[in-house]
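Hi there,

Here is the structure I promised to pass along.

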Amino acid sequence: MRAGWIIGSVLALAVALGAAGTLLFAVLWRPAIPLAPPGQPAFEGARIVRGAQLASIGNCNVCHTREDGRPYAGGRPIDTPFGTVYASNITPDAETGIGGWSEAAFVRAMREGVSRDGHHLYPAFPYDHMTKMREEDIRAVYAFVMTRRPVRASVPHNALAFPFNHRPLVAVWKLLFLDRGALKEDPRHTAEWNEGAYLVEGLGHCGACHTPRNALGAERAKQAFAGGSSDGWIAPALDAASPAAVPWDAEGLYHYLRAGAESLHGVAAGPMAPVASNLADVPDADLRAIATYVASLAGTPTRERQFDAERALALVRGSAGGRDATSDGGTIYAGACAQCHGGAGREPLIPALNLALSSALRLPRPDNALNILRQGIAPVADAAGPIMPPFAAVLTEPQIIALLDYVRSHFAGRPSWTGLAEVVRAGQKDRIETNGIASGRRQP
Amino acid sequence: MMTLNVNGLARQVDSEPDTPLLYVLRNDLALNGAKFGCGLGQCGACTVLLDGEPVFSCLVPISVLQERRVTTLEGIGTPREPGPLQRAFIEEQAAQCGYCIAGMVLRAHALLERNKDPDDAEIRRQLQPNLCRCGTHMRIVRAVQRAARLMRSPAEGGAHKK
């Protein structure tokens with residue numbers, strides 16, 4: 001009797017362990033996909049062209065190119081709260097790139113975040129967005145990357161803290177946070193809006209920066225587009241909490257994304273600069289769709305916001321007023337900023353943004369305003385663009401604080417940022433701790 | 001009255017505190033090395049050093065200077081005794097119209113202070129904010145290389161060695 005009971009228990013335990021093992025195996029294990037035969041497969045020209053456009057919308061080059069490196073050859077460090085991940089070489093080099101990847105392996109990587117050899121990829125690669133892509137679009141991107149010039153370039157090993165250096169953990173992360181499959185069409189909206197949603201939520205992965213992340217680095221789905229961070233910059237909220245002085249509309253966003261600058265909102269700075277640079281040449285239909293969808297995220301502006309916008313625009317119209325050199329900050333503004341930004345009795349000679357329209361001055365944190373002031377704004381590499389000179393060597397910490405206090409109060413009508421002095425002292429290199437997988441190109 | 005520290009000398013100036021340093025240098029102190037190019041921090045002709053770092057003096061209100069050290073072209077050599085950079089620019093005939101040269105020299109000076117042996121790429125990166133409309137860039141880069149050699153071994157007189 002007793003022996004029977006023991007045997008029964010052992011058997012039950014064995015079955016349970018076996019089941020658990022199978023489940024674990026199913027979660028963790030992914031097969032290798034055999035190497036594709038050498039030699040480039042032939043791709044239709046039209047598909048390669050579409051792939052190039054989609055790669056621009058996806059900003060693949062931003063992460064997959066290191067500073068001064070060859071395009072798509074990887075090696076760029078992506079700082080995360082868990083350590084540094086190095087973007088891989090996605091040129092078709094057989095040994096160091098993805099030359100041996102079949103189309104099936106590429107589709108799986110985009111859909112499931114699994115490498116050709118079966119290992120799990122870290123979600124610094126935003127497959128939580130790419131998974132929403134249509135297969136034909138993934139295939140077009142494949143055609144594009146496989147027809148780039150192969151670059152032999154090894155990528156440094158990731159430097160992640162324990163336990164995050166164990167890739168099987170990523171499988172658990174995916175169980176919790178990877179929502180696979182296509183985006184549902186919303187019949188209440190136009191086809192253009194739905195296409196915009198598809199591009200923004202999928203390939204464009206705007207939420208990777210503009211949505212706050214949880215402690216495990218996943219986007220907080222319930223706070224989509226409520227604002228996040230990237231590389232020491234705030235990625236402003238795109239929902240109703242948008243800091244824009246004048247609420248965005250689809251037309252304004254279209255021009256902003258196309259040109260990297262727009263008259264009522266200013267220029268794309270920090271990690272947004274290369275994004276706008278990539279969008280400069282994408283087809284009109286795609287960009288209109290993206291702008292339509294993003295503009296809808298904020299909803300109809302409240303009366304309070306409209307009133308605030310009127311106030312900002314009135315300040316712009318009346319900004320020829322006398323110079324205000326009664327405070328330290330006002331004096332610095334008059335001597336260092338007014339030449340371009342206007343006001344203080346001077347007509348601007350070049351049309352830099354009137355700071356009454358600045359989003360950076362209306363953000364809840366000073367990081368972007370401080371970054372712009374210290375580093376200036378530089379054109380994206382090899383492209384034309386506005387230049388704001390850096391003031392890091394001009395202004396001392398107390399002078400920076402005085403100037404930021406002045407412009408925030410004078411132009412944005414907001415009280416001084418709490419903790420401004422600490423952020424200034426911490427320096428521009430410090431990461432903001434609010435959240436975040438960093439992405440976007442570091443300013444030179 | 002405000003006291004500025006220019007080329008190691010205490011200089012009294014009587015200007016509004018928001019006056020750009022460039023105007024004070026040229027109009028009040030007769031230091032005409034720094035040039036007015038655009039007045040918007042875009043061309044670099046007005047570059048001077050502030051505590052050793054290059055800045056556009058057209059966008060530096062004198063109120064921010066306090067005791068900080070301002071160095072202009074006149075502070076790193078004279079026509080009789082040019083400094084190594086000035087000598088190298090003359091020897092390489094790196095100036096055509098010369099309008100950008102004071103800014104180029106000072107920005108290069110900041111580079112050579114922290115890097116005795118820069119390569120061409122580093123020189124180009126350093127001088128990137130300064131515009132030259134004559135197109136003497138190649139000679140300017142050569143002049144900075146020559147100055148670096150002069151500063152490393154003045155006895156060689158900057159002779160090129162491979």
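To begin with a term: two strands count as paired if DSSP finds at least two bridges between them. Strands are DSSP runs (E, at least two residues) and helices are DSSP runs too (H or I, at least four), both numbered from the N terminus. In that sense β1(B) and β2(B) pair antiparallel over 5 bridges.

Before going further, some housekeeping. This is a predicted model, in which local features need pLDDT of at least 70 and side-chain atom pairs count only at pLDDT 80 or more, while totals for chains, interfaces and linings use all residues. Residues are numbered from 1 along each chain as its sequence is written, chains are lettered from A and ligands numbered from 1 in the order in which they are written, and side-chain values use heavy atoms, with hydrogens and water left out.

On confidence, chain B averages a pLDDT (the predictor's confidence in each residue, from 0 to 100) of 94, and 95% of its residues score at least 70. For the complex, the predictor gives an ipTM of 0.93 and a pTM of 0.90.

**The sheet in chain B**

β1(B) and β2(B) form a hairpin with 2 residues between them, and Asn7(B) in the turn has a positive phi of about 50 degrees. Across this pair, Asn5(B) stands opposite Ala10(B) in β2(B).

How many strands form the open sheet of chain B? There are 5, in the order β2-β1-β5-β3-β4, with mixed pairing. β2 (9-13) and β4 (53-56) of chain B each have a single partner strand, so one side of each is left without a neighbour in the sheet. Further in, β3 (residues 47-50) and β5 (residues 69-71) of chain B pair in the antiparallel sense over 2 bridges, and Leu49(B) has Thr71(B) in β5(B) as its bridge partner.

**Where the chains meet**

The contact (heavy atoms within 4.5 Å) takes 22 residues from chain B and 19 residues from chain A. The buried area, meaning the accessible area (1.4 Å probe) that two parts lose on being put together, summed over both, is about 1600 Å² between chain B and chain A, and carbon and sulfur atoms give 61% of that. Asp18(B), Leu40(B) and Leu59(B) supply 37% of the area that chain B buries against chain A, more than any other three residues.

Salt bridges (a side-chain nitrogen of Lys or Arg within 4 Å of a carboxyl oxygen of Asp or Glu) between chain B and chain A number 0.

Best wishes
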